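Biologist: Could you walk me through reading a helix pair and the loop beside it? I'd like the general idea, then the case here.

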Amino acid sequence: MALSSVICIPVYGLYKISRSPGATFRERLKHACQAHPKWGPALHEHRTGRYAPMASEDTVAGRPLKEKEELKEEQKEGDKEKERKDEISLTIQGSNGSTNTHNNPNPSA
């Protein structure tokens with residue numbers, strides 16, 4: 001009885017592979033495992049990051065590499081953010097009224 005509910009999964013897999021385009025089993029398996037191009041968020045503006053449309057091997061577009069100047073600017077921005085985190089201080093008032101000041105690079109801790 002348990003097998004009757006699970007057997008549908010491999011049966012549908014074999015059906016999907018047999019109906020996929022391709023000359024060899026490997027090509028059919030590859031096409032059967034790819035998501036449909038319309039799969040993903042309904043709104044086009046939400047199709048970014050992990051939900052961005054996958055480019056096929058035929059339509060891969062090249063992206064120019066970042067210039068050294070751009071990388072240096074990003075590194076400078078990261079250094080500035082680290083300095084800002086280092087400047088954050090936390091004052092804690094104890095139960096007896098005394099205060100302690102701690103430099104805390106992570107304000108959420």
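**The loop and its helices**

Modeller: Start with Ser20, which sits in the loop between H2 and H3. Helices here are DSSP runs of H or I, at least four residues, numbered from the N terminus. This is a predicted model, where local features need pLDDT of at least 70, side-chain atom pairs need 80 or more, and totals for chains, interfaces and linings use all residues. Residues count from 1 along each chain as its sequence is written, and side-chain values use heavy atoms, leaving out hydrogens and water.

Biologist: Is Ser20 buried or exposed?

Modeller: Ser20 counts as buried because its relative accessibility is 9%; the cut-offs are under 20% for buried, over 50% for exposed, and partly exposed in between, with a 1.4 Å probe and protein chains only. Arg19, in helix H2, counts as exposed at 64%.

Biologist: Which residues is Ser20 in contact with, leaving aside neighbours within four places in sequence?

Modeller: Those are Arg28, His31 and Ala32, where contact means heavy atoms within 4.5 Å. Also, a polar atom of the Ser20 side chain lies 2.7 Å from the backbone oxygen of Lys16.

Biologist: And how do I read the helix pair?

Modeller: Two packed helices are described by the angle and the distance between their axes. Here the axes of H2 (residues 8-19) and H3 (residues 25-33) come within 8 Å and cross at roughly 110°. So H2 is roughly perpendicular to H3, a label covering 65 to 115 degrees, with under 35 roughly parallel, over 145 roughly antiparallel and the rest oblique. Lys16, Ile17 and Ser18 of H2 meet Phe25, Arg28, Leu29 and Ala32 of H3.

Methods:
Axes are lines fitted to C-alpha atoms, for helices over the stretch in contact, and angles run from 0 to 180 degrees between N-to-C directions. Helices (H or I, at least four residues) and strands (E, at least two) are DSSP runs, numbered from the N terminus. A polar contact is a pair of N or O atoms within 3.5 Å; within protein, one must be able to donate a hydrogen and the other to accept it, and residues adjacent in sequence count only if both atoms are side-chain atoms.
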